[in-house]
Amino acid sequence: MKENIELLNEISKNNVKGFIKKFIDTNFYTERYLDECVDIIGNNDLKKLDNMNIYGKELASIREKNKREERKQEKFAVIYEIFIRHYGATGTDLQSIGKLKHITKEKLIGLKEMGITHIWLMGLLDTNVYPYIKQGLKPQWIKGDIGSPYSVFNYKKIDPLYLDETDTGFDEFDRLIKDANEVGINIMIDLVPAHTSWSVENDRWIPNPNFEFIPFRTEGKNHYVGQYLLPNHGGIGKFRWRDTAEIDFTYNDINDANSVYRLFDDIVAFWQSKGIKGFRTDVSDGCPVSFWEYIISNAKKRDNDVFFLCEALSSYGDGLSFLGELNCFDSVYNYPFYNIVRNTTKGNWAQDLYQYPFDYNLQDYFPNTFLTYFQSHHDTNRIMSDKYSYSNIQSDAEKVEIGLSHFEYSVLRSNGQIMVYNGDEIGDCGNIDGISPLKTYYSYKEGFDKLSQKNEREQKIFNRYSYILNFAHKDIIKYGSYINLYDKNHTQNDNSERFFYNKYIDAFIRYYQNTVLLVISNFSRESKTISFDISQLANIVKAEKYILTDISPDKSCRKDIELSECIVNKTINRESLISADAFTLDCAPHKVYVYEVKTLK
């Protein structure tokens, strides 16, 4: 708050109109900051701000121009993560493991129709596990049954686990790239530069021989590390993963062909030459800023359309600030928004969501980067599993509704950058721990196209996923502005019908050009009748009568609503009881309502 006050002190020296413009440009786009700073800017100026319609089209367009129109979202991506080991697996042994051949052209077409633009082939690279488990051996350095896909041994080789014995190394991969290009889907793979695998020689741990090294003994340890590697065995090192060795980025002379920077640039160039159109960068905040600037700028020189998705493990703000100097990632994903949505299942306030900055604020960290939204991937619990919900919910039907509503909410709050984990589209629940395990065998029923046989539960989930993923392609999601309705509806009166005191309710407006959406979400296990102020709609759309056309993902509960001007335009005294003519909605449990606002003469 101190920084906000200092900024307001500085910009309040300008006239009110100038203040508004700077207020918008600097991301303080909520009444909350104005309320807290009345003493600084003065009551009269605050009144002028209100009278000048700060939520209207004219002023909002300043921000839209500054933050959107000047940088159109050219690399829009709806990403489908495929863990190859599980995709098409028919059992839980080596003979029935998922392989590249299971990603057929027919399935690619089905994914395209579902709204997918990019497929991330998670865990494609060779881990050097296959030669051992093929012989029934299990060295101590192999975690689980078949090892971690992120303990990469050979960065230019596909893991033989995913290939038939007759495959020369790239036969099935080349077929997949050809099919994907014909269907119009981009293929991505992992880039794992923060750490590499160890190898074993005469029962002794040694660095990955695919990285040349100068061996020397680390004090107090019984293994060797090299010029490019730092010890990470037995919990030692930054990442504490015993099957990996941390790469030492201090050897970064780009004039030396053997430097770490040049080695990984060569790896990226190799996969680009094989038809790869994007990279998901593992543990991105474990690598220097200069490394990413070098790698990504070179990759874009080879192909300007190449897509880089950054995994940022640390929390928002501190976790992303290490990338503050960057202008190269196309998208980034991390966990704060995911956690806030998920935490509503253990009673946290849904209104906490409004405090999470909309995508515009991400531009403070990444001028050319969009946030990728998700509610499930390989490092999280399955969204419809027992473990995703923190409460003791026994009903599968309720867990399905929780998962669907949370994912739908994320898409509607997003900028269209979405990530889906394979199997979520038919409600896969994972194992007993609610996950699809990375280091062991696992299989699930396939359901990613229209032709796959599905039961009633799976078909319901598939239809809702297809609807909302295609909805993510709309301009209102990709470019639309966002207004939270919390500011107009919070109060200190303990009135259960007030929006603020129904803590499981969140509502917001999205608008872009001539399209306006009103989104209302009930995160509760119970039905709620909610009345609240929607007068901000009247600042965007002027009419005598309004119709709210229901376009909610759950088509079974759709119902259009006709409203008079007085209801839409009525500003509610937030310290008094709601009047009878306020906007009121009956919200079913775990439901997301989406209304397109239209006018009637």
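Is Val283 buried or exposed? Val283 is buried, at a relative accessible area of 2%. Keep in mind throughout that this is a predicted model. Some notes from going through it follow.

1. **Val283, continued.** Val283 sits in the loop between β12 (278-281) and α11 (289-302). Its backbone deserves a look too: phi is positive, about 45°, although Val283 is not a glycine.

2. **Asn128, another positive phi.** Asn128 is not a glycine either, and its phi is positive at about 65°. You'll find Asn128 in the loop between β3 (125-126) and α8 (130-133). With a relative accessibility of 14%, Asn128 counts as buried.

3. **The chain overall.** The protein chain has 20 helices and 24 strands. Of its 601 residues, 60% count as buried. As for contacts between residues at least 6 apart in sequence, 74% of them join residues at least 24 apart.

4. **Tyr333.** This one belongs to strand β14 (residues 331-333) and is buried, with a relative accessible area of 0%. The list of residues in contact with Tyr333, setting aside neighbours within four places in sequence, runs to Trp120, Arg280, Leu309, Cys310, Glu311, Ala312, Thr372, Phe374, His377 and Met419. With Arg280 there is also a side-chain to side-chain polar contact, at 2.9 Å. Leu309, another residue on that list, is 24 residues from Tyr333 in sequence, and the two C-alpha atoms are 7.5 Å apart.

5. **Glu398.** Outside four places in sequence, Glu398 touches Ile393, Arg525 and His590. Its side chain makes a polar contact of 2.7 Å with the side chain of Arg525.

6. **α16 against α17.** Staying with α16, its axis and that of helix α17 (residues 456-471) come within 10 Å and cross at roughly 5°. The two helices are therefore roughly parallel to each other. On the α16 side the contact uses Asp396, Val400, Glu401, Leu404, Phe407, Glu408, Val411 and Leu412, while α17 supplies Arg457, Lys460, Ile461, Arg464, Tyr465, Ile468, Leu469 and Phe471. Sorted by class, the residues in this contact of α16 with α17 come to 10 nonpolar, no polar and six charged.

7. **α16 against α13.** Helix α16 (residues 396-413) also packs with helix α13 (residues 336-343), at about 140° and with the axes 10 Å apart. That angle makes α13 oblique to α16, because roughly antiparallel would need over 145 degrees. The crossing is right-handed. Phe337, Val341 and Arg342 from α13 meet His406, Tyr409, Ser410 and Arg413 from α16. By class, the residues of this contact are three nonpolar, two polar and two charged.

8. **α7 against α9.** How far apart are the axes of α7 and helix α9 (residues 171-183)? The axes are 10 Å apart, and the packing angle is about 35°. This crossing of α7 and α9 is right-handed. The residues involved are Lys105, Leu108, Ile109 and Lys112 in α7, meeting Arg175, Leu176, Asp179, Ala180, Glu182 and Val183 in α9. The contact of α7 with α9 divides into five nonpolar, no polar and five charged residues.

9. His102 lies in the loop between β1 (78-83) and α7 (105-113). At 19% relative accessibility, His102 counts as buried, because the cut-off is under 20%. The His102 side chain reaches the backbone nitrogen of Lys99 at 3.0 Å. Beyond four places in sequence, the residues that His102 touches are Tyr87, Gly88, Ile97 and Lys107.

Definitions and conventions: Residues are numbered from 1 along each chain as its sequence is written. This is a predicted model: local features need pLDDT of at least 70, side-chain atom pairs count only at pLDDT 80 or more; totals for chains, interfaces and linings use all residues. Side-chain values use heavy atoms; hydrogens and water are left out. Helices (H or I, at least four residues) and strands (E, at least two) are DSSP runs, numbered from the N terminus. Buried means under 20% relative accessible area, exposed over 50%, partly exposed in between (1.4 Å probe, protein chains only). A polar contact is a pair of N or O atoms within 3.5 Å; within protein, one must be able to donate a hydrogen and the other to accept it, and residues adjacent in sequence count only if both atoms are side-chain atoms. Contact means heavy atoms within 4.5 Å. Axes are lines fitted to C-alpha atoms, for helices over the stretch in contact, and angles run from 0 to 180 degrees between N-to-C directions. Angles under 35 degrees count as roughly parallel, over 145 as roughly antiparallel, 65 to 115 as roughly perpendicular and the rest as oblique. A crossing is left-handed if the near helix is turned anticlockwise from the far one by less than a right angle, and right-handed if clockwise. Ala, Val, Leu, Ile, Met, Phe, Trp, Tyr, Cys and Pro count as nonpolar, Asp, Glu, Lys and Arg as charged, and the others, Gly among them, as polar.
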